[in-house]
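Here is a short briefing for a first look at a protein model. Keep the sequence and the 3D view open as you read.

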Amino acid sequence: MKLIDAHCHLQDERLAPKLDDAIQRAQEAGVKHMVCCGTCEGDWPRIKELAQKYNSVFPAFGLHPWFIKERTKDWQENLERFLAETSSAVGEIGLDHAIEDRDDPDQESVFIAQMELAARLNRPATIHCRRAWDRFPVLLKEMKNRPTRFMVHSYSGGAELMHPLAELGAYFSFSGSITLTNNRKGLKSVAACPADRLLLETDAPDIPPLLPDGTRAEMSEPANLPLALCAAAAARGVSEVDLAAQVWENSCRFYGFEL
């Protein structure tokens with residue numbers, strides 16, 4: 001089986017000491033591509049460097065809502081420059097209403113600017129949405145330009161939102177959180193996801209999965225992706241082989257990889 005980790009953070013310092021080993025384990029687990037997502041201006045150079053070093057790493061550059069207060073006045077020009085320099089995606093971008101001291105208009109303006117940039121450059125976008133499920137669809141509909149392909153990473157919205165969002169162009173990526181047997185909402189959503197919009201990710205090093213021995217991993221890594229595949233296949237009542245083939249096709253279509 002061939003898999004693509006649709007969203008991870010290989011630039012994270014927690015993975016740095018043994019990143020070569022983590023990349024090797026991922027390849028041995030069948031993970032052919034890993035989409036490494038940026039979060040702030042400071043990590044974009046490192047992501048570009050990783051993509052140049054590892055053929056299996058595909059870069060994404062974006063400004064995460066957690067870090068918009070730290071942006072420079074030239075952040076948009078810097079972002080467009082990184083995107084122009086390589087085949088890449090826009091992300092991680094989005095909305096987060098769980099931030100206590102947040103500025104909603106500023107957060108939304110940064111999100112919209114990056115979505116419009118993705119549309120102009122014809123790049124896919126990977127989106128963080130937390131506790132903003134009422135506002136997120138409204139903004140999508142109001143955008144003058146939005147990318148034809150965008151995905152909600154580690155999807156945590158309700159199953160009832162999936163078809164309306166899919167009509168707007170959304171894909172849905174599920175992480176190791178669906179390996180947790182008490183995550184009924186996540187398992188219901190992965191079961192309801194339109195087959196042609198389903199992606200899988202690890203969000204490494206975050207969202208550690210439940211391991212086969214019943215313990216939870218201390219830290220996530222791309223080699224854990226088959227665990228999410230197993231959980232998704234069980235929730236959908238299909239074989240892992242069949243689901244892997246579908247997710248591979250979806251991921252290649254989304255990111256523009258060769259089948």
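Buried means under 20% relative accessible area, exposed means over 50%, and partly exposed lies in between, using a 1.4 Å probe and protein chains only. Helices (H or I, at least four residues) and strands (E, at least two) are DSSP runs, numbered from the N terminus. This is a predicted model, in which local features need pLDDT of at least 70, side-chain atom pairs count only at pLDDT 80 or more, and totals for chains, interfaces and linings use all residues. Residues are numbered from 1 along each chain as its sequence is written, and side-chain values use heavy atoms, with hydrogens and water left out.

**Strand β1 and its partner**

- Strand β1 covers residues 3–8, and six of its six residues are buried, so the strand is largely enclosed by the rest of the structure.
- β1 runs parallel to strand β2 (residues 31–37), and four bridges join them. Two strands pair if DSSP finds at least two bridges between them.
- Within this pairing, H33 of β2 stands opposite I4.
- From β1 the chain passes through helix α1 (residues 19–28) to β2, a right-handed β-α-β crossover. Right-handed means that, with the strands pointing away from the viewer, the path from the first strand over the helix to the second runs clockwise.

- On one pairing, β7 runs parallel to strand β6 (residues 150–152) over three bridges. V152 has F172 as its bridge partner in β7.
- β7 also pairs with strand β8 (residues 198–200), in the parallel sense and over three bridges. Here F172 stands opposite L198.
- A right-handed β-α-β unit is made by β6, helix α6 (residues 162–167) and β7. Another right-handed unit is made by β7, α7 and β8.

**Aromatic rings**

- The model has 13 aromatic pairs. Rings of Phe, Tyr and Trp (its six-membered ring) pair if their centres lie within 6.5 Å; planes under 30 degrees apart are stacked, over 60 edge-to-face, and the rest tilted.
- Y255 and F257 are stacked, because their ring centres are 5.8 Å apart and their planes are at 25 degrees. Both residues are buried.
- One aromatic cluster is formed by F111, W133, F136, Y155, F172 and F174.
- R197 places its charged end over the ring of Y171, 5.1 Å from the ring centre. A charge sits over a ring if NZ of Lys or CZ of Arg is within 6 Å of the ring centre and within 35 degrees of the ring normal.

**Two loop residues**

- S175 lies in the loop between β7 (170–174) and α7 (184–192). S175 is buried, at 1% relative accessibility.
- D101 sits in the loop between β4 (89–96) and α4 (104–121). D101 is exposed, with 57% relative accessible area.
- D101 and L117 are 16 residues apart in sequence and 27 Å apart in space, C-alpha to C-alpha.
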